Amino acid sequence: MKLPRRKFLHLAAGAAALPAVSRIARAQSYPTRYVRLIVPFPPGGATDPIARVLANRLSEVWGQQVVIENKGGAGGNLGAQAAVQSASDGYTIFISAAFLAINPYLYRSLGYDPISDLSPITP
């Protein structure tokens, strides 16, 4: 395949300019405001100390406040419902447990679908 000189010069100029252009595109900083950490059990439960240590460390790393909201009741369903109803902008984190797999079989109507309404951050 023979490449015309003009086309070759266009490609060479584009390749030379690529490193300069890629420096312009920068990622947005996250988070720019506080982050909610929803714990679906009351304060003092087994999940609460883990959430407090996690929130403290995330606050140090991110440089933004991580606020813990304990929403206990209905076997964790109230906290899960609060997480589902919050804006999906990445500023609400929900700590789940085995109840997400168990409660669909215990309750007739949850008001949310654990598989389609929630997205995992870590496996």
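This is a predicted model: local features need pLDDT of at least 70, side-chain atom pairs count only at pLDDT 80 or more; totals for chains, interfaces and linings use all residues.
**View 1. The cis peptide bond between Tyr30 and Pro31.** Here the bond joining Tyr30 to Pro31 is cis, and its omega comes out at about -10°. As for where we are in the chain, Pro31 sits in the loop between α1 (5–24) and β1 (35–39).

**View 2. Ala74 and its positive phi.** Ala74 isn't a glycine, yet its phi is positive, near 60°. Look for Ala74 in the loop that runs between β2 (66–70) and α3 (77–85). Its relative accessibility is 38%, so Ala74 counts as partly exposed, falling between the 20% and 50% cut-offs.

**View 3. Leu58 in helix α2.** Is Leu58 buried or exposed? With 19% relative accessibility, Leu58 counts as buried, since the cut-off for that label is under 20%. Leaving aside residues up to four places away in sequence, Leu58 touches Gly63, Gln64 and Val66. Val35 is 23 residues from Leu58 in sequence, and their C-alpha atoms are 9.5 Å apart in space.

**View 4. The largest pocket and its lining.** This pocket holds about 680 Å³ of space. Of its 24 lining residues, Ile93, Phe94, Ser119, Pro120 and Ile121 are the closest to the centre. Which elements give two or more residues to the lining? Those are α2 (47–62), α3 and β3 (92–94). Sorted by class, the lining has 15 nonpolar residues, 7 polar ones and 2 charged ones.

Methods
Residues are numbered from 1 along each chain as its sequence is written. Side-chain values use heavy atoms; hydrogens and water are left out. Helices (H or I, at least four residues) and strands (E, at least two) are DSSP runs, numbered from the N terminus. Buried means under 20% relative accessible area, exposed over 50%, partly exposed in between (1.4 Å probe, protein chains only). On a 1 Å grid over the protein atoms alone, a cavity is a set of points where a 1.4 Å probe fits but cannot get out, and a pocket is an open set with protein on both sides within 12 Å along at least five of seven lines; lining residues have an atom within 4 Å of a point. Grid points are joined across faces, edges and corners, and a volume is the space filled by probe spheres set on the points. Ala, Val, Leu, Ile, Met, Phe, Trp, Tyr, Cys and Pro count as nonpolar, Asp, Glu, Lys and Arg as charged, and the others, Gly among them, as polar. Contact means heavy atoms within 4.5 Å.
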